[in-house]
Amino acid sequence: MSLLFTIGFVISLLVVIVLMRREELFIPHKFAIGILLLWAIRFLLFYAKENYDLSSVPLLYIIDQNFFFLDGPLLLLYTNSLGNVSIKLKKVWFHFVPFFMALLLTLYTYAMISDELLNSIYQDASNQLEEQTFIPSFSEVVFITFIIIHNIIYAIISLKKVRVYRKAILDNLSTIAKASVDWLSKFIKAWIILLVVPLVIYFANYIYPIVDVEYLETLFITSLTLSAFYFGINLIEQRYVRLFQNIESSSEETNILNDVTTVDNKKELTIKDKEDFKKVISFMETNKPYLEVNLTLNKLAKYLEIKPNKLSYLINNNTEGNFYDFINGYRIKAIKKDLIETNEQIILIAYDNGFNSKSTFNEVFKKNTGLTPSQFRRQHTR
């Protein structure tokens, strides 16, 4: 167990150091650092409780349970700050009310009980857990249940925030390789499984002891360590793009930079709308702006001398996709032509036509054609 604590602590701290050494620290970085520091402190406390006699500071026996009220809020604030890379955040304190309430309750309990009695209670509870005879009080059951529900709710809301951001980058960017947050969706889902589920089993075992506590603790700490590794590795690679104006607004759609309109339902186009879209198509075919790797909705709107929200409206209502699909459709069309007519290396053709990531290119090409680039070339050059 000590090895797992050490690995988790080192991973969390190393990623914090890497992030802190960056020239520019965005708001998502700050919340991510908060999450990693929380985990580092948790690993440190776990290590201390297993390897040292803390009878002189018994507060450390009971204070760590309060930190479980911080994971969910920090994760939500991180996901909610995506796209707000340079905006100062306010009014987020209420997310931490449960933590401070639990902390005050812990400090009050600590002040009312002598160190000797607290040590005795902790030792008795530890022995009962090992012997699987521990029976929690009603207040302990309520406290544990509240922690579990609290984290599940925050995880679900965080998933929704990630989906909002993902839709925003697809509506605004043509290249999303390092800005993609697909990994974060996977992490949150895994976090529910790797953190909350073991927590449920661990505490449920208090009430109905059926599993050796040592196995549960190993599972729980392993889950935390894996979470720190996966989260940390992806944080280092993640690129943030400002897409929203203010994290505090109650409507995500109104936050999108430049007032880009999100259109979920197709609307009947006017004759002028159809004419305007024809101009967009003509510009795309004549000037080939899709060759620009980092082409964005804002840039294309500027080239066309129309408002970004108007361009977004035209694309969403005239095509089956979003801005990302629209631009990459042109890139794939040009690449297909080059694959048939030239013997140029495939990856060079992709780079020449606006892609800057091999994995993204292969994914988009397969989505558009149902074939890999190599399969397409062989099929059309016989």
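Biologist: Leaving aside neighbours within four places in sequence, with which residues is F231 in contact?
Modeller: The model is predicted, and contact requires heavy atoms within 4.5 Å. Once neighbours within four places in sequence are set aside, the partners of F231 are A32, I35, L36, W39, Y78, W183, L184 and F187.

Biologist: Is P98 buried or exposed?
Modeller: P98 is placed in helix α5 (residues 97-112). A residue counts as buried under 20% relative accessible area. P98 has a relative accessible area of 18%, and therefore it is buried.

Biologist: What distance separates the C-alpha atoms of P98 and F69?
Modeller: With neighbours within four places in sequence left aside, P98 is in contact with F69, F146 and H150. Along the chain, P98 and F69 are 29 residues apart.

Biologist: Why does H95 count as buried?
Modeller: H95 belongs to the loop between α4 (71-80) and α5. Leaving aside neighbours within four places in sequence, H95 is in contact with P73, L76, L77 and Y154. The cut-off for a buried residue is under 20% relative accessible area. H95 counts as buried because its relative accessibility is 11%.

Biologist: Which element supplies the largest share of the lining of the second largest pocket?
Modeller: This pocket holds about 390 Å³ of space. Helices α7 (138-172), α13 (323-341) and α15 (358-369) each supply at least two residues of its lining. The largest share, six residues, comes from α15.

Biologist: How many residues in the lining of the second largest pocket are charged?
Modeller: The lining consists of 20 residues, of which I176, Y324, T360, E363 and V364 lie nearest the centre of the pocket. Sorted by kind, seven of the lining residues are nonpolar and eight are polar. The number of charged residues is five.

Biologist: What is the relative accessible area of K288?
Modeller: K288 lies in the loop between α10 (271-287) and α11 (297-304). Its phi is near 50°, a positive value in a residue other than glycine. K288 is partly exposed, and its relative accessible area is 40%.

Biologist: Is E305 buried or exposed?
Modeller: E305 is found in the loop between α11 and α12 (308-318). Although E305 is not a glycine, it has a positive phi of about 60°. A residue is exposed when its relative accessible area is over 50%. The relative accessibility of E305 is 74%, so E305 counts as exposed.

Biologist: What percentage of the residues of the chain count as buried?
Modeller: The secondary structure of the chain comprises 16 helices and zero strands. Among contacts with a separation of 6 or more, 74% join residues 24 or more positions apart. The chain has 382 residues, and the part that counts as buried is 47%.

Biologist: What share of the accessible surface of the chain belongs to carbon and sulfur atoms?
Modeller: The accessible surface of the chain comes to about 20,400 Å². Of this surface, the share of carbon and sulfur atoms is 59%.

How values were computed
Residues numbered from 1 in each chain as written. Predicted model: local features only at pLDDT ≥ 70, side-chain atom pairs only at ≥ 80, totals over all residues. Heavy atoms only, no water. Helix = DSSP H or I, 4+ residues; strand = E, 2+ residues; numbered from the N terminus. Buried < 20%, exposed > 50% of the residue type's maximum accessible area, 1.4 Å probe, protein only. 1 Å grid on protein atoms, 1.4 Å probe; cavity = no way out; pocket = protein on both sides within 12 Å on 5 of 7 lines; lining within 4 Å. Points joined across faces, edges and corners; volume = space filled by probe spheres on them. Nonpolar A, V, L, I, M, F, W, Y, C, P; charged D, E, K, R; others polar. Areas by Shrake-Rupley, 256 points an atom, 1.4 Å probe, with all protein chains shown as cover.
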